[in-house]
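My notes follow the order in which I went through them.

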Amino acid sequence: QVELVESGGGLVQAGESLRLSCVASESTRCFYDMNWYRQAPGKEREFVGGIDSEGTTTYADSIRGRFTISQDGTNATLEMNSLKPDDTAMYYCNQVVHQSTRPDCDGSDTWGLGTQVTVSS
């Protein structure tokens with residue numbers, strides 16, 4: 001079972017940048033999605049963006065143009081620019097492996113423990 005570890009969170013001022021990393025404990029030969037989610041206190045977890053194994057990215061409207069997702073193998077990076085206080089949240093990495101006939105492509109859905117991002121005004 002793969003493990004995901006996020007890092008790079010911290011306390012920054014509005015307008016500043018942060019880069020979050022998600023490192024997977026093992027690589028995969030399967031098609032997959034690497035996603036970023038966030039959850040602010042008292043709110044539901046929301047999708048931030050994702051990148052699939054072919055490099056296609058998707059973004060939530062709330063962060064499009066400010067955040068960029070990239071990957072190196074199955075390690076993903078979330079580059080966050082022009083941060084706002086509303087971006088304050090715990091940020092989670094998520095890997096979804098697409099199910100196929102390969103026994104290791106089992107449709108697994110794995111989450112990291114998260115990294116805290118706090119943006120002060």
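**Entry 1: ground rules**

I am working with a predicted model, where local features need pLDDT of at least 70, side-chain atom pairs count only at pLDDT 80 or more, and totals for chains, interfaces and linings use all residues. I number residues from 1 along each chain as its sequence is written, and my side-chain values use heavy atoms, with hydrogens and water left out.

For secondary structure I take DSSP runs numbered from the N terminus: helices are H or I with at least four residues, strands are E with at least two. For burial I call a residue buried under 20% relative accessible area, exposed over 50%, and partly exposed in between, using a 1.4 Å probe and protein chains only.

**Entry 2: disulfides**

I looked at Cys22 and Cys93, which are joined with an S to S distance of 2.0 Å. Cys22 sits in strand 3 (residues 18-24) and Cys93 in strand 9, so this bond ties together parts that are 71 residues apart in sequence. The torsion about the S-S bond of Cys22 and Cys93 is about -80°, which makes the disulfide left-handed. I found both Cys22 and Cys93 buried.

Then I turned to Cys30 and Cys105, whose sulfur atoms are 2.2 Å apart in a disulfide. Cys30 is in the loop between strand 3 and strand 4, and Cys105 is in the loop between strand 9 and strand 10, so the pair ties together parts 75 residues apart in sequence. The S-S torsion of Cys30 and Cys105 is about -95°, so I noted this disulfide as left-handed. Cys30 is buried at 4% relative accessible area, and Cys105 counts as buried at 3%.

Counting bonded cysteines along the chain, I wrote down the pattern 1-3, 2-4.

**Entry 3: rings**

A pair of aromatic rings is described by the distance of the centres and the angle of the planes. I paired rings of Phe, Tyr and Trp (its six-membered ring) with centres within 6.5 Å, calling planes under 30 degrees apart stacked, over 60 edge-to-face and the rest tilted. My search of the whole structure gave 2 aromatic pairs.

Tyr37 and Phe47 form an edge-to-face pair, at 5.5 Å centre to centre and 75° between the planes. Tyr37 belongs to strand 4 (residues 32-39) and Phe47 to strand 5 (residues 46-52), so the pair ties together parts 10 residues apart in sequence. I have Phe47 as partly exposed, at 29% relative accessibility.

For Tyr37 and Trp111 I noted ring centres 4.9 Å apart and planes at 55°, so this pair is tilted. It links distant parts of the chain, with Tyr37 in strand 4 and Trp111 in strand 10 (residues 109-111), 74 residues apart. Trp111 counts as partly exposed at 34% relative accessibility. Through these ring pairs, Tyr37, Phe47 and Trp111 are linked into a cluster.

Which rings does Arg45 lie over? I put a charge over a ring if NZ of Lys or CZ of Arg is within 6 Å of the ring centre and within 35 degrees of the ring normal. Arg45 lies over the face of Tyr92, 3.9 Å from the ring centre, and over the face of Trp111, 4.7 Å from the ring centre.

**Entry 4: salt bridges**

Side chains of opposite charge can pair when their charged atoms come close. My rule was a side-chain nitrogen of Lys or Arg within 4 Å of a carboxyl oxygen of Asp or Glu, and it gave 6 salt bridges.

Arg38 meets Glu46 in one of them, at 2.5 Å from N to O. Arg38 is buried at 6% relative accessible area, whereas Glu46 is partly exposed at 33%.

Arg38 also forms a salt bridge with Asp87, the closest N and O atoms being 2.9 Å apart. Arg38 lies in strand 4 and Asp87 in the loop between strand 8 and strand 9, so the pair ties together parts 49 residues apart in sequence. Asp87 is buried, at 1% relative accessible area. I recorded a network of salt bridges linking Arg38, Glu46, Arg66 and Asp87.

Arg102 and Asp104 form another salt bridge, with the closest N and O atoms 3.1 Å apart. Arg102 is partly exposed at 36%, and Asp104 is partly exposed at 37%.

**Entry 5: a loop residue**

Is Asp86 buried or exposed? I found Asp86 in the loop between strand 8 (75-80) and strand 9 (89-97), and at 68% relative accessibility it counts as exposed. Asp86 and Arg66 are 20 residues apart in sequence and 13 Å apart in space, C-alpha to C-alpha.

Conventions
A disulfide is a pair of cysteine sulfur atoms within 2.5 Å.
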